[in-house]
Amino acid sequence: MVIYIHTYTYIYIHTYRGGKDSKGLHVITPTVEDLQQTHLYVLNNSKEVWSYILRHEGLVKESNPKMSKNRVLKKHKKTFLDWFKDTIFVDDNVSETLRKLADGPKRNVIIWQGYDINKYSFYTKAQDEKSIMQNSGVTLRAESQYFASVHDDNPRVASISYFGFIEEIWEFNCVKFTVCVFKCKWVDCNTGVRIDDVGFTLVDLKKLAY
């Protein structure tokens, strides 16, 4: 599945159902924008939702035949949450999981300084600074679509490795289940990452970018 890299300083990676909290519980009320961005990310990485994503993209394109693919994707992203909820709640045959995903998360979010997933422990950057264990670094190899301009209708697809660190760990609560998401900051791939003479990848965590 294609992962679209959004133009935000913070994006969300690695969704899991399950896992175990381990350190530093807090409750926050995120901005509506952050909560919607997380909700959209979770939907984009849920197999049950894929057919709805493709269907909605097709409807947006059909309704706007002269619109470039870049603008179609932006309009899809902007309108998908409401459309998905309306579509799911008029269908009596959909699963309970889809109903909970469409309804979205609770307004208040539990955040953690540490989380255990699949026998691995993950820490936030702040927790790393208080611990002898360093577990906040992350890398993601993503297949991304690039557009030359707003009107470009022929995007290029490239697979790129991104490096960064975990700033927050959220429990995305859909009542019947929770999804753990990492809110991260990312290093500038152009100036903050290089390969040394013996082949090791060196990452400068101070050189951040969108």
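Visitor: How many residues apart are Glu96 and Lys100 in helix H4?
Guide: This is a predicted model. Helix H4 covers residues 96-103 and holds both Glu96 and Lys100. Their spacing is about one turn of the helix, which comes to four residues.

Visitor: What N to O distance joins the side chains of Glu96 and Lys100?
Guide: Side chains of opposite charge can pair when their charged atoms come close. A salt bridge needs nitrogen and oxygen within 4 Å. Glu96 and Lys100 meet in a salt bridge, N to O, at 3.9 Å.

Visitor: Is Glu96 buried, partly exposed or exposed?
Guide: Buried means under 20% relative accessible area, and exposed means over 50%. Glu96 has 43%, so the residue counts as partly exposed.

Visitor: Which residue forms a salt bridge with Lys125?
Guide: Lys125 is partly exposed, at 27% relative accessible area. The closest N and O atoms of the pair are 3.7 Å apart, and the partner is Glu129.

Visitor: Which strand holds Lys183, the residue paired with Asp34?
Guide: Lys183 and Asp34 form a salt bridge, with the closest N and O atoms 3.1 Å apart. The pair links distant parts of the chain, 149 residues apart. Asp34 sits in helix H1, residues 32-44. Lys183 lies in residues 178-187, strand E9.

Visitor: How many salt bridges does a search of the whole structure find?
Guide: Lys183 with Asp34 is one of them. Lys125 with Glu129 is another. The search of the whole structure gives a total of five.

Conventions:
Residues are numbered from 1 along each chain as its sequence is written. This is a predicted model: local features need pLDDT of at least 70, side-chain atom pairs count only at pLDDT 80 or more; totals for chains, interfaces and linings use all residues. Side-chain values use heavy atoms; hydrogens and water are left out. Helices (H or I, at least four residues) and strands (E, at least two) are DSSP runs, numbered from the N terminus. Buried means under 20% relative accessible area, exposed over 50%, partly exposed in between (1.4 Å probe, protein chains only).
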